[in-house]
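Okay, thanks everyone, let me get the thing up on the screen.

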Amino acid sequence: MATLLGCESPCTRGKRRNYSSNIITKFTATKITGQGFSRGTQLPGGLLQERDKRAKWNGIPNLLQKLYESSHPNSDLSHAHTFLKLLLSQLSVEAMSFVTEDRKTAQESTFPNTYTFDLFGGVDLLVEILMRPTLTMQKKKPKMNDDLVKDCLSVLYNCCICTEGVTKSLAARDDFVLFLFTLMTNKKTFLQTATLIEDILGVKKEMIQLEGIPNLSGLVQSFDQQQLANFCRILSVTISEPDVGNDDKHTLLAKNAQQKRNASPSRAEVNQVTLLSIPGFIERLCKLATRKVSEATGANFLQELEDWYTWLDNALVLDALMQMATEEPEQSSTESSDESSLATSPLRHRLPQSMKIVHEIMYKVEVLYVLCVLLMGRQRNQVHKMLAEFRLIPGLNNLFDKLIWRKYTVSNHVVHGQNENCDCSPEISFKIQFLRLLQSFSDHHENKYLLLNSQELNELSAISMKANIPEVEALVNTDRSLVCDGKKGLLTRLLTVMKREPPDSSFRFWQARAVESFLRGATSYADQMFLLKRGLLEHILFCIIDSGCTSRDVLQSYFDLLGELMKFNIDAFKRFNKYVNTPEKFQMFLTQINSSLVDSNMLVRCIVLSLDRFESQTEDVKVVEVLSECCLLSYMARVENRLSFLFRLVNIINVQTLTQENVSCLNTSLVILMLARRKAKLPFYLNALREKEYAEKYPGCLLNNFHNLLRFWQRHYLNKDKDSTCLENSSCIPFSYWKETVSVLLGSDRTSLCAIASYIDEPFMDLDRDLLED
């Protein structure tokens, strides 16, 4: 507090200094206890003036006292506004320094003006002034001056970003949070209101319930497109499940326990339902996501964009500038801020072209994020139907070359991780959100064929006809009026840019995930051949073997994609053998696989499953030829190699460490054993596990662990229809056989040669311990 009180000469120490210290102490205590002084107006004005210079308060307590005295009910508030402007001019300097520098931890010594303003009750006073119209008993509510409301909101926002604790104290007032939404009906105060709400909801302990907002549907329908895009920044906080921020909480054990405790829908899920019930909401988001922007020209576009971004770190600053550029007489149309009307503003033409582009990109990032979250929610099918109907995918396809993936490149491309919350430029965030949306849209859904154009759909039909196999039902049922336009569909465009990406670029991770989601589900030979004909397999193998890529995330995404691309496809294995044509290349491929089985086990599963199917098709000359020549199939055909994978898969996981990412290791080990059981070789594999334990001098370790993992598997999968369907579709093994094999392995009869218990010697038996309880 010394920085606020200032320095005193020896002759003035004593009672005076203690009294000044007591002012600060009492106000600070009030913040904690709620008792005692609440604002500077309760102190004599003379005392405040006397202490002001010595304490370096810069006249703020005195101005607050005048603001309080001039803001009584039924006053015209014009004098109050004058004092508020004086306060705003002092606080804005600190807020701007906070925005333009690296965001430091808010401290009283760094931002003394906002700290003093809050300490002497300024925040509470502004809340009281703003909410005063809601407290009147009159039928016609008094209307406050728009500029006064804007300045109140700006001061509150400045305090939130500069003084620790202000945002949390405002977030704790549910009445004020809901009241703020009512201010969004006024276009003149919308921007300041939206920015303050965004900050408040970001720290609020409990997620707000959208259904509690007065007339939410009418509010959203009153927004123009620019306001709706800004509103999406707020919505993103209300429809996303909160990040628990602890790896332990991400384990499947913890997730299952949480689902048992919280059987009812979460607040985020309820909010998603609320949004979907608003008429026209999804249609307007699709228009926002796909509307065009003016073309940027010049080789320095990206550099210019990045230069602006480094200064415009805060969205409030950018939106404020753009608002200046687009202010026009009020229009009744809800589309008043769309590109057609923006183009008529003279000031807009004077703004740098890159600012206009980055502004639109930032909007699209938020819109795509909201659509992506809704696509992954419980109402997924409803959302899918609307996105198809409102032609989201064809619209994004038309923007792909001109906005989403421009031809401009920069040599010093920075590699960013796949965390969607990473602090990266709008251009990078936009691309990642676009790829995440494609992944969510295609994943296990028949609408995935909307990513193609009519010619490409015809190509899929021709592939099926040539192979003498029936067309996939989803392909037959695809509405041709909703697919992509132009010479290339969105999937083909994505493949083109994917091949040009630098080896370790994080975009490769999301690109591979998006393409893989198109292949996931029941294996489609035509889909695989469509991608194989475009050189995808050779590109993946180059990245894994020859490119020098070291990113584990990128390699994992490529292993998963390669598995989906090659599964059960004899042509793919033939192409693999043509590319991996030397012992050195094959050894490099194996080294990459073995470096992390958690990353590569889905590919291992694909090879094991494909080998099993090919071995049953020995009447086919082409299959026999590839089986005899393909180094990958020959390697997996050797039982010692399959056993080696099995040992390691069982050993790298346990019940306590199972997550959504590594549970695939358990399922891959089960696939190996199911195929062995089909050939009556299950006892051989179990005995090999037992011998491995003794060779490693850890008897019982592997088998006890595997037994516990299978018990967890039963609890986890037998109650999850979606998961069981995925297992069945991806393996072409009926889920009933999965369940049956697990039951056989967990059998308690120690005389059964197919029960794990039969291979654990009595002294090392540890099957009774229940590690699965909460």
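I'll start with the chain as a whole and then go through some helices and a few residues.

So, first off, this is a predicted model. The chain has 42 helices and zero strands. It runs to 774 residues, and 54% of them count as buried. If you take the contacts with a separation of 6 or more, 77% of them are between residues 24 or more positions apart.

As for who does the touching, on the α8 side you've got D146, V149, K150, L153, S154, L156, Y157, C160 and I161, and they meet K188, T189, Q192, T193, T195, L196 and D199 of α11. By type, the residues of that contact split into seven nonpolar, five polar and four charged. And if you look at the numbering there, remember that an α-helix has 3.6 residues a turn, so residues three or four places apart point the same way.

Is D146 buried or exposed? Its relative accessibility is 16%, and the cut-off for buried is under 20%, so D146 counts as buried. Leaving out anything up to four places away in sequence, D146 touches N186, K188 and T189.

Next one is α24, residues 426–442. With 17 residues at 1.5 Å a residue you'd expect a span of 24 Å, and the end C-alpha atoms are 24 Å apart, so the two agree. Also, 16 of the 17 residues are buried, so α24 is largely enclosed by the rest of the structure.

What does α24 pack against? One partner is α22, residues 380–389, at an angle of about 110 degrees and with the axes 11 Å apart. That makes α22 roughly perpendicular to α24. This crossing is left-handed. R380, H384 and L387 from α22 meet S440, F441 and S442 from α24. The tally for that contact is two nonpolar, three polar and one charged.

Two more residues and I'm done. F576 sits in α32, residues 570–579. With a relative accessibility of 0%, F576 counts as buried. Beyond its neighbours within four places in sequence, F576 is in contact with L537, L541, M566, F589, C630, C631 and L632. Take L632 from that list: L632 and F576 are 56 residues apart in sequence, but C-alpha to C-alpha they're 8.3 Å apart.

And then V663, which is in α38, residues 663–678. V663 is buried too, with a relative accessible area of 4%. Again skipping residues up to four places away, V663 touches L252, L658 and Y717. There's also T251, 412 residues from V663 along the chain, and their C-alpha atoms are separated by 9.8 Å.

Okay, that's me, over to you.

Methods:
Residues numbered from 1 in each chain as written. Predicted model: local features only at pLDDT ≥ 70, side-chain atom pairs only at ≥ 80, totals over all residues. Heavy atoms only, no water. Buried < 20%, exposed > 50% of the residue type's maximum accessible area, 1.4 Å probe, protein only. Contact = heavy atoms within 4.5 Å. Helix = DSSP H or I, 4+ residues; strand = E, 2+ residues; numbered from the N terminus. Nonpolar A, V, L, I, M, F, W, Y, C, P; charged D, E, K, R; others polar. Expected span 1.5 Å × (residues − 1). Axes fitted to C-alpha atoms, helices over the stretch in contact; angles between N-to-C directions. Parallel < 35°, antiparallel > 145°, perpendicular 65-115°, else oblique. Left-handed = near helix turned anticlockwise from the far one by under 90°.
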